[in-house]
Protein chains: 2
Amino acid sequence: MTTTIGMYLFDDIEVLDFAGPFEVFLTAARLKLRVEPGSPRLFEVVTIADGLRPITMRGGLVLQPQFELSNHPGLDVLIVPGGIVTAELQQAAVIDWIAKTAAASTITASVCTGAFLLAQAGLLDGLEATTHWEDLDDLAAMFPSIHVKANTRWVDTGRVVTAAGISAGIDMSLYLVGRLAGMDLALKTARQMEFDWQAPVHQ
Amino acid sequence: MTTTIGMYLFDDIEVLDFAGPFEVFLTAARLKLRVEPGSPRLFEVVTIADGLRPITMRGGLVLQPQFELSNHPGLDVLIVPGGIVTAELQQAAVIDWIAKTAAASTITASVCTGAFLLAQAGLLDGLEATTHWEDLDDLAAMFPSIHVKANTRWVDTGRVVTAAGISAGIDMSLYLVGRLAGMDLALKTARQMEFDWQAPVHQ
């Protein structure tokens, strides 16, 4: 069984918010194939944007998305990275897509200010959540029903998982590998990436 | 004064080897502009490939490079990420470009298996260097004059700096920010990225 992970891309996305989780699932799938050659790929990561035009990430990196909102594979996991989300928050079609896609997925996750997009889609109402340390107050002010948590790498509420800023997306994704495929693979993935991961004590 | 950092891109490059350093220099430049608005940008990061065609990174990510080997801005720092470097090692034009560009730059750095490309260009002869933990033995076997070091995040020999695997490129880049612009900015950059960086004791 392949778990399909969709990552939402948009202009002014923060590079590592996106690339960190991408690398984690890519590496985990590669390691799994090493020990079980010929098995179905454990994770397939696809990129989705609001159109098939190239995306300009922060710092001017130009990336070509693979799919668009109206036409992409079914997702088991939706990941919404952060960056400058001001424009995205106003895009009703994007927010609507996040809400609908989340309803059809097992897990929806955000990195950094991606939490604002999940919040705008109503996914965090009444739940605990986190975001970049600089944005915790804004998240609480804009969405008063959210129980905003500081000083945590990620918050798992079951169907919705939010990560703190930028590199915390790596930690959260390793956690998701553990949740979806076992802690052993998560630890091996961290080691393969030479990432100093603080694995959760309770798992 | 702007420090221009060139990152070499190639097919089958490891996503985080590239994106980690990119994010570090991008974030450091952004933080510097916050405290000194209107000042020249501290770091400018440009991407360079062996042609202007799109690059397919590992995992199928398609990225558009900004410059090609024969036409790019002068570089203060050249960074060569890793990934599957087998094809690159055989490309005489690329190896030649790395050697010539390194000679004209202040610092040349590698991440992960990017060390093999620096080695092939003769940049590591007689020096200490590191790479991904899985590739340490191969690096020593292929280039016997290199003093290969294990269990270190990066090795700084002055003009040439090599990092260990994948995420260690982030650590090394934070170190380079410290070397080029001071430890205070390096620490602030790590905090902005929420990256748990083990800053060097001697600096």
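**View 1. B:Leu63 by the rotation axis.** Of the residues of chain B, B:Leu63 comes closest to the rotation axis, with its C-alpha at 2.3 Å. This is a predicted model, in which local features need pLDDT of at least 70 and side-chain atom pairs count only at pLDDT 80 or more, while totals for chains, interfaces and linings use all residues. Residues are numbered from 1 along each chain as its sequence is written, and chains are lettered from A and ligands numbered from 1 in the order in which they are written.

**View 2. Turning chain B onto chain A.** A rotation of 180 degrees, with 0.0 Å of shift along its axis, superposes chain B on chain A with an RMSD of 0.0 Å (by least squares on the C-alpha atoms of residues with pLDDT of at least 70 in both copies). That is how a two-fold axis relates two copies. The same surface serves both: 100% of the contact residues of chain B recur in chain A.

**View 3. Where the chains touch.** Here 25 residues of chain B are in contact with 25 residues of chain A (two residues are in contact if their C-beta atoms, placed from the backbone, lie within 7 Å). Helix 1 of chain B gives the most to the side that touches chain A, with seven residues (helices are DSSP runs of H or I, at least four residues, and strands are runs of E, at least two, numbered from the N terminus).

**View 4. Strand 4 meets strand 4.** Three bridges join strand 4 (residues 62-64) of chain A to strand 4 of chain B, and the two run antiparallel (strands pair if DSSP finds at least two bridges between them). Look for A:Leu63, which stands opposite B:Leu63.
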